[in-house]
Amino acid sequence: MIRHLFTLIWNRKKSNFLMITEIFFSFIVLFGVLSLAFFYLDNYRKPLGFEYDRVWVMNMRWNQEKPEEVRNIQYRLKQQLKSNPEVAQVALAASNIPYTMNTSNTGFNYNNRFTMADWFTVDKDFAEVMQVDVAAGRWFTTEDNAAGTKAIIINQALRNEIFPDENPVGKVIREKDNPDRKIVGVVEIFRQKGEYSSDKPGYFEYLNTDYASNGTAGGTLDNLMIRVKPGVTRAFEEKLMKQASQIAQGWTIEIKTMNEMRTSDNKITLIPLVIFSVVCGFLILNVALGLFGVLWYNINRRISEIGLRRAVGAASGQVYRQFIGEVLVLATFGIIIGIIIALQFPLLQVFGVQTGVYVAAILGSVLVIYLLAAGCAAYPSQQAASITPATALHEE
Amino acid sequence: MLQNYLKIAWKVLLRRKFFTFISLFGISFTLMILMVATAMIDHVTGPATPEKRLDRMLFVNFIKMTGKSGNMNTFPSYYYMNHYVKRLKTPEKISVTTTFRGVNSYVNNKRLSLDLKFTDANFWEVLDFNFLEGQPFNQQDQKNANRVAVITDHARDQYFGPNVSAVGKYMVADGIRYRVTGVVEDVSYSRFNSYANIWVPLSTAPYNKDDTGLTGSYMAIILADSKADIPKIKEEYQSIVKQVKLPNPKEFDKFYSHTESILEGTIVRQLLGDGENSGMGKFIAIISVVVFLFMLMPTINLVNINVSRIMERSSEIGVRKAFGASSNTLIGQFLVENIFLTLIGGLLGFLLSALVLEIIADSGLIPYAQLGLNIRVFGIGLGLSLIFGFISGVYPAYKMSKLQAVQALKGGQV
């Protein structure tokens, strides 16, 4: 029966060509959107590696002060903010904190293994503010103030790339133009770009921001991360702002809660998906309607054929199944071409996305296309099946 | 003749309403999406208040340095503007501004976040703002570094209360008191050369006079005397760029900067440019491929429907052929019918896109955006409709015209 259907479609391949092309393109479009959706979904289920709730971010922009002066002001600002009873802990961090567009990355070289890694410059209080858990080794402490080597903490993804079967804690990375970097710990995961981003290699780099002990060394950082105690409301913000503008006179200071930042950053991530989905939905609907119309028309043209089949004893169910079957076979042709193209993505690793995401997207697309084809064929086929032999043969 | 074709087309449309619906649905939505996309691009790069005279404007937004330390692409400094950009002789006027930055005001203990931009007095002459009240600050304010400000009506409504006159009153932003001299209509966030909620004199900007670095956060708007001067200014600017002295040739030894339109300089060059080349050709190629791929599916769909529909009319075709109509006449007729159909679809698409743009504008996705359709978008939409109608009509018409008269009369297969 199925072989017979394939022959039927193959014999009319020229007139079916347009329909197969349409199904093929629908498949590709669907595959693209579903890949993106499954990619986000897959990421969403992974842990973030930090807690954004009750974290406020104070972004600072200074004028022409010398770096040392800036560090002094930042140090005093940090002490002042921390002295508030509403504040649990304060940390300093570079501009690429979670839920910002900013990124810093660099090559990471060890034992002939190489990968690009994000790097986050933070001070020793960052773990407490962001609730980052250390899986192996330890978090930064004042021990790391020793000059010469820079203490870093890598994430698991970086460890998998560079230290697949050895313990990275205690290893020193030596590179020509950079100071030595010593790994003091490993964190499970830290996804700066938020819920929808993938888990990429990255590491924290320690910066001693204690001006009292470390006056001239160190660098300047853009953000003060403030963890407030439970129950603190937005009204506290103005108080913070006043304290800040007294210490950092003339600086441009902005306070945002990380919740706010998360909402707007996720919006930016999700908008492309929403737009793609709407456009894809429209294209598929368009194709479905077209398919429905054309099938309806074609089936109506074959009334005499149906009459003949019914007259020689085919049940109406058999006629119905034949037409549905034909459309599904038609869809199969389109899908096969589509799968051949879609499989190139996991095979060539174009975007470095996990194969599972692509497989799920292919399966999802196949399912949707078959459902759509069957749905479009159901009504015309039913009409064809309900034709009585007498009326059908009368047509001619 | 044409009138007859249109009459027939109309009758055919009414005959099978479901097919007509499918065709119109496909056409109108396809064109709607394309027109919304066009309107968005136009919103960012086309002339709009206050950048009305875009055909005479050029922008200096970025400088790029390459060398051993990699690439650096950033805004230029005040020093660069003063010593290099201001050397241009050909332009009518040059306005130097900073990028906008967030400032905070407090109204009744509630924070009001505003975006502030430092501008010179030329800014108000180069751009055409709609002043609701008061006037811009002038060269004197700029010279004396007066703490004066022009604000948008949004900022006024939030700070002083809705529709309260603000001119002459004082407003505090980031702890600095400004006297309001004028109120203008909101400017869309997407026009980043002019956007802000509060504009204050450039002379009050905190910058270090001894700083001779090239990087900073400044930008320039250049107004040419006439359109014809644009290439001259570009040339002159490139000769100035050649004279730029790099502060640290060991780090960066090549310097690029261009004075360009918004689309070319601010968008395309940032995405696809490579120092010398702006990547405009690549950009056009990519856009064309995307539009082509996007239109491909609806077109195939329409062709598919048209082929079916045309067969319904095989007896009509047979009669016309038997009475001596040539293939070309029939192809012509069918193309006219199809273009008529797509134009109706285009019109619907135009209405739909107006609706969608309204929704996008209301959603606040682009702050202070006033999205709308204008004659440019309409023209592009019309062009797209015609192309769409032509492409989707040619193949079915060709197939139909190949039909033998005898077979057609019998209601034959294609």
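Modeller: Bear in mind that this is a predicted model. Start with B:Gly265, which has 20 other C-beta atoms within 10 Å.

Colleague: Is B:Gly265 buried or exposed?

Modeller: The count of other C-beta atoms within 10 Å is 20. A residue qualifies as buried at 20 or more. B:Gly265 is therefore buried.

Colleague: Which residues is B:Gly265 in contact with, leaving aside its neighbours within four places in sequence?

Modeller: B:Gly265 sits in helix H8 (residues 262-272) of chain B. The contacts are B:Phe59, B:Asn61, B:His258 and B:Glu260.

Colleague: Which residue stands opposite B:Met65 in E13(B)?

Modeller: Strand E2 (residues 63-67) of chain B runs antiparallel to E13(B), and 4 bridges join them. Opposite B:Met65 stands B:Phe255.

Colleague: Which residue is the bridge partner of B:Thr98 in E12(B)?

Modeller: Look at strand E4 (residues 93-98) of chain B. 5 of its 6 residues are buried, so E4(B) is largely enclosed by the rest of the structure. E4(B) pairs with strand E12 (residues 218-223) of chain B in the antiparallel sense, over 6 bridges. The partner of B:Thr98 is B:Tyr218.

Colleague: Now the helices of chain A. Are H7(A) and H11(A) roughly parallel or oblique to each other?

Modeller: The axes of helix H7 (residues 258-301) and helix H11 (residues 355-385) of chain A come within 9 Å and cross at roughly 25 degrees. Angles under 35 degrees count as roughly parallel. The crossing is right-handed. H7(A) and H11(A) are therefore roughly parallel.

Colleague: How do the residues of the contact of H7(A) with H11(A) divide by class, and how many are charged?

Modeller: H7(A) brings residues including A:Ile284, A:Leu291, A:Phe292 and A:Trp296, and H11(A) brings among others A:Leu372, A:Cys376 and A:Pro380. The contact has 12 nonpolar residues, 1 polar and no charged.

Colleague: Is H2(A) roughly parallel or oblique to H9(A)?

Modeller: H2(A) packs on helix H9 (residues 316-342) of chain A at about 45 degrees, with the axes 8 Å apart. H2(A) is oblique to H9(A).

Colleague: What is the make-up by class of the contact of H2(A) with H9(A)?

Modeller: The crossing is right-handed. H2(A) supplies A:Phe24, A:Phe27 and A:Phe31, among others, and they meet a set in H9(A) including A:Gly334, A:Ile337 and A:Gly338. By class, the contact has 14 nonpolar, 3 polar and no charged residues.

Colleague: Which element gives the most to the side of chain A that touches chain B?

Modeller: The chains meet through 24 residues of chain A and 27 of chain B. Helix H2 (13-44), helix H6 (236-247), strand E11 (252-257) and H7 of chain A each supply at least two residues of the chain A side. That side divides into 11 nonpolar, 9 polar and 4 charged. With 10 residues, the element that gives the most is H7(A).

Colleague: What is the phi of A:Asn112?

Modeller: A:Asn112 is in the loop between strand E3 (105-110) and strand E4 (113-122) of chain A. It is exposed, with 5 other C-beta atoms within 10 Å. Its phi is positive although it is not a glycine: about 65 degrees.

Technical notes: Residues numbered from 1 in each chain as written. Chains lettered and ligands numbered in written order. Predicted model: local features only at pLDDT ≥ 70, side-chain atom pairs only at ≥ 80, totals over all residues. Axes fitted to C-alpha atoms, helices over the stretch in contact; angles between N-to-C directions. Parallel < 35°, antiparallel > 145°, perpendicular 65-115°, else oblique. Left-handed = near helix turned anticlockwise from the far one by under 90°. Contact = placed C-beta atoms within 7 Å. Nonpolar A, V, L, I, M, F, W, Y, C, P; charged D, E, K, R; others polar. Pairing = 2+ DSSP bridges. Buried ≥ 20, exposed ≤ 12 C-beta atoms within 10 Å, placed from the backbone.
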